[in-house]
Amino acid sequence: MALPRYAARTSTGMAELYDAVKAMAVQFDFKPGQRINEVELARRLNVSRTPLREVLNQLMVEGFVTRSVNRGFIGRPLDAKQIHSLYEFRAVLECGIVRVACERATDAQLDTLLAAVEASRDVPEDSDATRLLALDEQFHLSLARLTGNDEFVRSLESINARIHFVRWIDMRQGRRSHTQAEHLCIVHALQARDDARLQELMSSHIGRRLDQITDVIRTGFSTIYMRDQLDQLA
């Protein structure tokens, strides 16, 4: 994780620093509600506090950390209602994505997407959750790219990052086969140019009830704090 001391002085170095700190925020290395020790983090990443603070300010704007007047930067909350709001927004966004993709995607593009989904079925159900989630995110980003609209892609990437940890926990609980079957149905509906069916499938595929999200978050909290205990034993 350590970066060269000079790295953050260049645009490339700032991008590397941003990616490193964002990855920590996405995985809740900064515990919910915990003050981020800038001095310790700068030492750990081998950078000065000035570029680090620039990165933290950017991540605050993007919703990955929060800030208190008296405490400085703080780990973002792992809050069921907030995650539910993000899922709700994602559902609306992706319903729009498949509607536009249904109109614009070529038959050849849909054939390519179908082949990719069918190939991914060979990935074992008990594979690492990180790999399974990456495949799932790639499918949804592929749908966004079929629209030919980069704003759809950027918006989806932003939401994916903010719910990544919760979805990783979810994937560990064995939703892979169910998810794969729904992906195939979505592609088939695209090939049939059946927008009504697409709206039904996508709403069902993404929609999560608040109580379901709350259960996943309980597991998430256990994972965050158990991870520290395991690190101490290592």
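The largest pocket of this predicted model has a volume of about 260 Å³, and the second largest pocket has a volume of about 150 Å³. The domain assignment divides the protein chain into domain 1 (14-77) and domain 2 (80-209). The count of salt bridges comes to 10; three of these pairs, E40 with R43, E94 with R90 and E200 with R197, are described below.

**Largest pocket**

- The lining of the largest pocket consists of M24, D29, F30, Q34, R35, I36, N37, E40, L41 and R44.
- By residue class, this lining divides into 4 nonpolar, 2 polar and 4 charged residues.
- Helix α2 supplies the largest share of the lining of the largest pocket, namely 3 residues.
- E40, one of the lining residues, also takes part in a salt bridge with R43.

**Second largest pocket**

- The second largest pocket, at about 150 Å³, is lined by 12 residues, of which A116, V117, S120, L135 and F139 are the closest to its centre.
- Two or more lining residues come from each of the elements α5 (107-120), α6 (129-145) and α8 (176-191).
- Among the contributing elements, α6 gives the most to this lining, with 5 residues.
- The lining of the second largest pocket divides into 5 nonpolar, 5 polar and 2 charged residues.

- E40 and R43 form a salt bridge in which the closest N and O atoms are 2.5 Å apart.
- Both residues belong to helix α2 (residues 38-45), where a spacing of 3 residues separates them by about one helical turn.
- E40 counts as partly exposed, with 36% relative accessibility, whereas R43 is exposed, with a relative accessible area of 55%.

- E94 and R90 form a salt bridge whose closest N and O atoms are 2.9 Å apart.
- The two residues are 4 residues apart in helix α4 (residues 80-104), a separation of about one helical turn.
- E94 is buried, with a relative accessible area of 0%, and R90 is likewise buried, with a relative accessible area of 3%.
- Both partners of this pair therefore fall under the 20% cut-off for burial.

- The side chains of E200 and R197 meet in a salt bridge with an N to O distance of 3.3 Å.
- E200 and R197 both lie in helix α9 (residues 195-206), 3 residues apart, which is about one turn of the helix.
- R197 is partly exposed, its relative accessible area being 35%.
- As a general principle, side chains of opposite charge can pair when their charged atoms come close.

**Domain arrangement**

- The centres of domain 1 and domain 2, taken over C-alpha atoms, are separated by 29 Å.
- The contact between the domains takes 9 residues from domain 1 and 6 residues from domain 2.

Definitions and conventions:
Residues are numbered from 1 along each chain as its sequence is written. This is a predicted model: local features need pLDDT of at least 70, side-chain atom pairs count only at pLDDT 80 or more; totals for chains, interfaces and linings use all residues. Side-chain values use heavy atoms; hydrogens and water are left out. A salt bridge is a side-chain nitrogen of Lys or Arg within 4 Å of a carboxyl oxygen of Asp or Glu. Buried means under 20% relative accessible area, exposed over 50%, partly exposed in between (1.4 Å probe, protein chains only). On a 1 Å grid over the protein atoms alone, a cavity is a set of points where a 1.4 Å probe fits but cannot get out, and a pocket is an open set with protein on both sides within 12 Å along at least five of seven lines; lining residues have an atom within 4 Å of a point. Grid points are joined across faces, edges and corners, and a volume is the space filled by probe spheres set on the points. Ala, Val, Leu, Ile, Met, Phe, Trp, Tyr, Cys and Pro count as nonpolar, Asp, Glu, Lys and Arg as charged, and the others, Gly among them, as polar. Domain bounds come from an automatic or database domain assignment. Contact means heavy atoms within 4.5 Å.
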